[in-house]
Each structure stands twice: as C-alpha cells, then as structure tokens.
Amino acid sequence: MPAISHSVIALAETLELRWKSYREGGDSDVFVEFTLSLNGLTEQLSRQHLPGLVRACQELENAALALFGDRSMHPIPDDQASAIERQLGIILTELHRHETPAVQPRRQTDEPDNNDEAWHRPRRVLIVSRAEHPWTASLSEQLSFFGFKPAEQRWESTAFDIENEPPLAIVFIPDREGCVYPLSAITAIKALRTACPTSYFYCLSVPASLESIVQLQRAGADACVPVGNKVSDVLSRILDLVETREHEVHRVLVVEDSATAIAHIRRSLSQHGIDSRAIGDPRTLLQAAADYRPDAILMDMYMPFCTGVEVTSALRQIPEYQSLPVIYLSSETDIAQQVEALRLGGDQFLTKPINPIILASVVRTKIERYREMLYSGRHDSLTGLLNHSTSKGQLESLLRTSSPARHLVVAMIDIDRFKSINDNYGHPVGDQVIRSLAWLLRGRLRNSDLIGRYGGEEFIIALPDADLERACSLLDRIREDFSQLPHAHARGALRASFSCGVAALPDYTTAASLIEAADQALLEAKRSGRNRLVRAPRPQHDSVVRMQMKEPAGG
Ligand SMILES: Nc1nc2c(ncn2[C@@H]2O[C@H](COP(=O)(O)OP(=O)(O)OP(=O)(O)O)[C@@H](O)[C@H]2O)c(=O)[nH]1
C-alpha cells in the first residue's frame, strides 16, 4: 500500500481547518473554500492511486457541491452538517493511518548503493480464493518473481490479516469461473473494502452481466476482470498499478493582462495542487514557455498588444508547441467568435466568471490527455518501457548531468534464442516473454533507473550512481531469476534466458561508446554460451586518450 505523502496530509489539515471555521461562522464563502479544498484533495488521492479514499472523498464532494452555489442555504442544518462531519472524520482517520513515516525508506537515485531496499520494491498483494484453487499458486508464484509479496486468504476467513501492512491490491478469485459471485463473497468483499479503503480491488472471472458488475462495484471492486482472462492479464494490471511513471506537478502558464484575474486564477489552480506562472505581456510568451515548460496555457482573449487567438495561432507555428493545450478565458459569449477561436488553434473556451472547480477540472483533463499523447510517443506499446530513441536521448542527458566522478552503469540485454521461442510456441507467447522480462526489470530496478526496449528482444538499462560490482551482481540475480520464470503456453510452460553486456563510467564516457562497449560484451556473452553476464574490458589508457583526442575533430 503506498504511504500517503505529507503534501496530502497538509491538504487534509487545511480541509479540516476550513470545516471548523465554517461550523463556527456558517459563512457560505468559507463553505466554498471547504469544497475547493475537498476537490483538490480528491485529485491528489486519485493521482496517488488510492481508489478507496477517492471514492469516499467524491461522495463527500458531491454532497458539498449540492450546497455549493446557494447562499441562502447557509449555515446548513445540523443533520446535514453532522453527516458531512462523519464522512470527513472517516477520511481524515484513514489518511492519518497511512501517513508516510517521518523517515522513509529511500529508493531514489541518491540512495547509497548498499541499501537493499533501493533495489527491490516488495509490495503486498492479498489473494482471496478457496483452498488450492489452481490460479492462486500460479499468480502467487508470478507475483513473487516480479517483486511483490503475495499473501493468501480463504473466502470463509473472518479475520483478514491486514493490520500491519494493508495490501497494495486484493485479488478475488471466485470458486467457479464465470458464475455470478455468491452473496457470501459479496459480503466478504464489502468487509474488506471497509477495512482496506486504500487498496485496489480486482475481481476475477466476472461474467459479462451488467447486474453482476454493478453489484461487485457497489461492494467495492475497482476492476472487474472478465471471465476468460488469463493470470498474465491480471498480473499485467497489477504491474500497471505500480508503474514507475513519475508523478510530475502540472504546470500552467497564464497569459493575462489583468492582475486581479491572474491572482484569482492562480489561487484556484494552486488550491488544486496545480503550479502556475503568469505573464502580463503576450510578447514574452515564447521566452516564458521555454523557461517554464508548461503543460497547458490559459490565454486571455483580449490583451493590449494582440488577441489570444493571434498569439495561439503564432504559437502553433512552432513545432514544439503544436499540441500544447491552450484554453481561452474570456467573457465572450458570441458562439461564432468562440468557434472561430477554437478553429484557430485553441482547445477549449471558458467563459468568465470562471468557476474554480470547472477551471481546475478542465486544466487537469487537458493536461492528462496531453501527457498521455507525449507518453505514447516516448514509450513502447508492448512493454510500456522507453522506446529506442527516447532511451538513447535519456542516456545522453544522464551523461550530461553526471559529474565525471559519478557512477553510471549501462547494460544491454538480449533474450537468448528468441527466434526459436517464436517458431515453436508462436508470436503471442514470444510477446509475453518480452513483456515478462520488462515487468521483471521494472519490478527490480529503481524509479531513477533507465529501462528501455532497444529493439525486438533487446533492452537497455542505465543505472545512475551505481557501483559496477553491485550493479553486476543485481543484474546477474535478475538473469538468474528470469531463467527460472515459467512462461505459460498452450501445452505447459517454457523457460527462457537472457545474455547481458555491461559497460560503465569512467571507462567509457559517451552514450555511444557505453552502448557500443555493452553491445560488444553482450556479443561475447552470446558467443561464450548465452545466459550469462559479461563486462566490457577496461580500455587501455592510451586508447582512451586517443578516443578523447579524436572526438572533437570528428564532431
Ligand atoms: N514475438 C516477437 N518476436 C519478435 C519481436 N521483435 C523481434 N522479434 C523476433 O525476435 C527474433 C530475434 O532472433 P535473432 O536475432 O535471430 O536471435 P535469437 O533467436 O534471439 O538468438 P540469439 O540472440 O543469438 O540468442 C526474430 O525472429 C524476430 O522476428 C516482437 O516484438 N515480438
């Protein structure tokens, strides 16, 4: 279960303060502030994959939004206030229960190499099924391979073992595949939902019946996996849950000449955890965009030097900004003008005065779509890893930011005799083997490590701040584990292996030379029998000097 960050706790504390202050004065403006905080908190929780808490917050938010606009309803009657207070109490207690401890286990780039937690990220997954269900053992085995800590529980068990560490996910396997979940199962799911509001619930083998899905969702299911899906599909969903996509703050550039409007907009955005910067003169837009690298622009329609439409259409001339979301802000109510503005490059039109919740919601949706688009351009669709060109680009930028004294290890990995896997078991099984290796790497390496799919069955890894000895022993452990991993096919399970070549700073100093040296070492690993790791030889001192002297002349 992911621990709840201090920033979320800070938002919750603000929410609590605002509620107290509303209860003291009954002022409708304070109630609006409370609702805004609640909306911001829901958003933060949903970004942190805490579906149970998101659901609880959304219910409270809906109740608050119903009282949002009408001043005459305030102060609200005591029974309504008590209902809100009860729900708020549940949310706050739950948040504090999962608060990140003051000292966190570290697992980022700056971690010392001798910290084992830095390399391995166990996550607890509870599997609820009947005794000896064939899927339980298989799922459990695969989850362990990918760095999770599976635990098993029987349906009939009343005391679920969740006290010390609530699970990241709970997987429910029904006794009979494709049948409606019996009432006893629904009751067990409900009980667990109350006990684990922050875990993600998967119900497997759900029949394609709307009634059944609705019933499971009401009980607390987050995902209903259809009957017929294989264990590997479930595994893939659980892995997606912990995908190492870094959460980055949303950045919005506000182009607006009125200082009052800027203050209002920026305040609304910041209450929803969205960072912003503002410029009053559109002529400074390109410089501001280059410095700040926004994810979206909020553009006033009428400014002294030129209109928002002119600025947007000029911005669209620059390839880098062709898809950057632009949202117009205007008191323009003429539909023809609005359509024209959108035709000339804007993405959305918001009419002033702008409701802050709508503003934050539109901004977030546009940014999420924009980021999805950027993501799919940079990642490989089969594995979700960085694609070839992005891997190379990121390795280059890692080297640019590395001081000469820093460690950096690069590894090239290639699955052995992969053609024969395809030939003997078919392409889809080959794809699954590739995906499994990707999952294993994702599960075993740190967020700060670079993992890319370099070619068909070839992967590139870069481990910043990693000592060569330690990196080799980690990669060798992954190699060993991968060779033991069963890959299901129609007639049983196959085993695969990979070979690995490793090169490191300071022996090789450029991205090209690191990749080339690791590739040569990989070839050597293949030549000498496969399923092994080979380190690139340390270049002779004079040849390093010659390479360094040659490079500027060649460039
Ligand atoms: N299933 C599947 N196969 C792929 C994919 N990309 C490449 N391949 C296949 O991977 C195979 C690679 O085979 P080779 O390069 O001959 O090498 P190998 O059989 O792995 O043998 P060694 O590398 O020498 O151990 C080719 O048959 C490609 O068609 C993919 O995305 N999915």
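At what angle do helix α1 and helix α4 pack, and how far apart are their axes? Before I answer, two remarks on conventions. This is a predicted model, in which local features need pLDDT of at least 70 and side-chain atom pairs count only at pLDDT 80 or more, while totals for chains, interfaces and linings use all residues. Residues are numbered from 1 along each chain as its sequence is written.

Helix α1 (residues 6-25) and helix α4 (residues 78-97) pack at about 160 degrees, and their axes are 11 Å apart. Axes are lines fitted to C-alpha atoms over the stretch in contact, with angles from 0 to 180 degrees between N-to-C directions. Helices are DSSP runs of H or I with at least four residues, and strands are E runs of at least two, numbered from the N terminus. The pair is therefore roughly antiparallel, the term for angles over 145 degrees.

In this contact, Val8, Ile9, Ala12, Glu16, Trp19 and Arg23 of α1 meet Ala81, Leu88, Leu92 and Leu95 of α4; contact requires C-beta atoms, placed from the backbone, within 7 Å. These residues comprise 8 nonpolar, no polar and 2 charged, where Asp, Glu, Lys and Arg count as charged, Ala, Val, Leu, Ile, Met, Phe, Trp, Tyr, Cys and Pro as nonpolar, and the others, Gly among them, as polar.

I turn to Ala221, in the loop between α7 (210-219) and β5 (223-226). Ala221 is buried, with 24 other C-beta atoms within 10 Å; the cut-off for buried is 20 or more. Leaving out residues up to four places away in sequence, Ala221 touches Ile189, Phe201, Cys203 and Leu216.

Key:
Buried ≥ 20, exposed ≤ 12 C-beta atoms within 10 Å, placed from the backbone. Contact = placed C-beta atoms within 7 Å. Parallel < 35°, antiparallel > 145°, perpendicular 65-115°, else oblique.
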